[in-house]
Amino acid sequence: MINIKSKEEIDAMREAGRISAKALQLTGAQVRPGISTLELDQICEEIIRLEGAVPAFKGYNGFPGSICASVNDAVVHGIPSAEIILQEGDIISIDTGAIINGWVGDNAWTFPVGEISEAKARLLAKTEECMWAEIDAARAGNHLGDIGHACQKLAESAGYGVVREYVGHGIGHMMHEEPNIQNYGKPGTGPLLEPGMVFALEPMINMGTADVVDGLDGWLVSTADGQPSAHFEKTIAITDADPIILTQ
């Protein structure tokens, strides 16, 4: 069952979204060669707590960090570590969220570390474009499949792989609510989209194969062929008009 939020509930979610977005932006501003992913995690947690919120990820199903820090061929769910030091030319997906007044905000962005290759820059640009296409498709009267199709069409036409195993999701009082939102699909299929639905839309796009492998730590997900992956995410609300971005 897909939860429908009232206007008042969506307004309440804006604060969680604002804090999540602020934490992501300010943490991303510290991305540079020589910094560890654990240092980025500590920066993000401090920002969230100074805003009066708590990190949504820390302790979630046992996850130890306030951010997911996924570098290069890591797709999602990288655990922050003092041993992972960013290098010139890397890319890093930072995924973070905040909880305040019982509501959750969730967002992600993939940042370049110093100067990156043209191939990586194209991957980042196309994945961000996929995210915006999904947001544009998240309109009342469309179907859930329209969201995934918008992403798949852009990514695969550029020769990239669309991750199947990990998806977007509904969000509200819980980090993950119904429905699962695939980043691929057929137009006009799936549940009808209605005002009041709130989704975390997050395309995960690989430079090579769409296939992924799970790491030994039970969290890290990486590309099967070792090529880079990018990940962008925003929390949005469907309305009678344009979608509202809550992680603004």
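Trainee: Where is aspartate 225 found?
Mentor: Aspartate 225 is in the loop between strand E12 (221-223) and strand E13 (229-231). Strands are DSSP runs of E with at least two residues, helices are runs of H or I with at least four, and both are numbered from the N terminus.

Trainee: And what am I looking at overall?
Mentor: A predicted model, where local features need pLDDT of at least 70, side-chain atom pairs count only at pLDDT 80 or more, and totals for chains, interfaces and linings use all residues. Residues are numbered from 1 along each chain as its sequence is written, and side-chain values use heavy atoms, with hydrogens and water left out.

Trainee: Why does aspartate 225 count as partly exposed?
Mentor: Its relative accessibility is 36%. Buried means under 20% relative accessible area, exposed means over 50%, and partly exposed is in between (1.4 Å probe, protein chains only). So at 36%, aspartate 225 falls in the middle class.

Trainee: What makes a patch of Glu165, Asp211, Asp214 and Asp225?
Mentor: Those four gather on the surface as a patch of negative charge. Patch members have over 30% relative accessible area and no salt bridge, with like charges joined within 9 Å. Asp and Glu count as negative.

Trainee: Is threonine 37 buried or exposed, and how do you know?
Mentor: Its relative accessible area is 0%, so threonine 37 is buried. This residue sits in helix H2 (residues 37-50).

Trainee: Which residues does threonine 37 touch?
Mentor: Leaving out residues up to four places away in sequence, threonine 37 touches Ile67, Ala69, Val71, Ile79, Pro80, Ser81, Ile84, Leu86 and Ile92. A contact here means heavy atoms within 4.5 Å.

Trainee: What joins glutamate 15 and arginine 18?
Mentor: A salt bridge, with the closest N and O atoms 2.9 Å apart. The rule asks for a side-chain nitrogen of Lys or Arg within 4 Å of a carboxyl oxygen of Asp or Glu, so 2.9 Å passes. The two are three residues apart in helix H1 (residues 7-28), so about one helical turn separates them. Glutamate 15 is partly exposed at 29%, and arginine 18 is partly exposed at 32%.

Trainee: How do you know that glutamate 118 forms a salt bridge with arginine 122?
Mentor: Their closest N and O atoms are 3.8 Å apart, so the pair meets the limit of 4 Å. Both lie in helix H3 (residues 118-137), four residues apart, about one turn of the helix. Glutamate 118 has 65% relative accessibility and counts as exposed, while arginine 122 has 48% and counts as partly exposed.

Trainee: How do the side chains of arginine 139 and aspartate 136 meet?
Mentor: In a salt bridge, at 2.9 Å from N to O. Salt bridges with shared partners also link Glu15, Arg18, Lys22 and Glu51 into one network.

Trainee: How many salt bridges does the rule count?
Mentor: The count is 13.

Trainee: What is phi of asparagine 101 near?
Mentor: Near 55 degrees, a positive value in a residue other than glycine. Asparagine 101 counts as exposed, at 69% relative accessibility.

Trainee: What kind of peptide bond joins glutamate 178 and proline 179?
Mentor: A cis one, with omega about 0 degrees. Proline 179 is in strand E8 (residues 177-181).

Methods. Patch = residues over 30% accessible without salt bridge, like charges linked within 9 Å, V, L, I, M, F, W, Y side chains within 5 Å. Areas by Shrake-Rupley, 256 points an atom, 1.4 Å probe, with all protein chains shown as cover. Charge placed at Lys NZ, Arg CZ, Asp CG, Glu CD.
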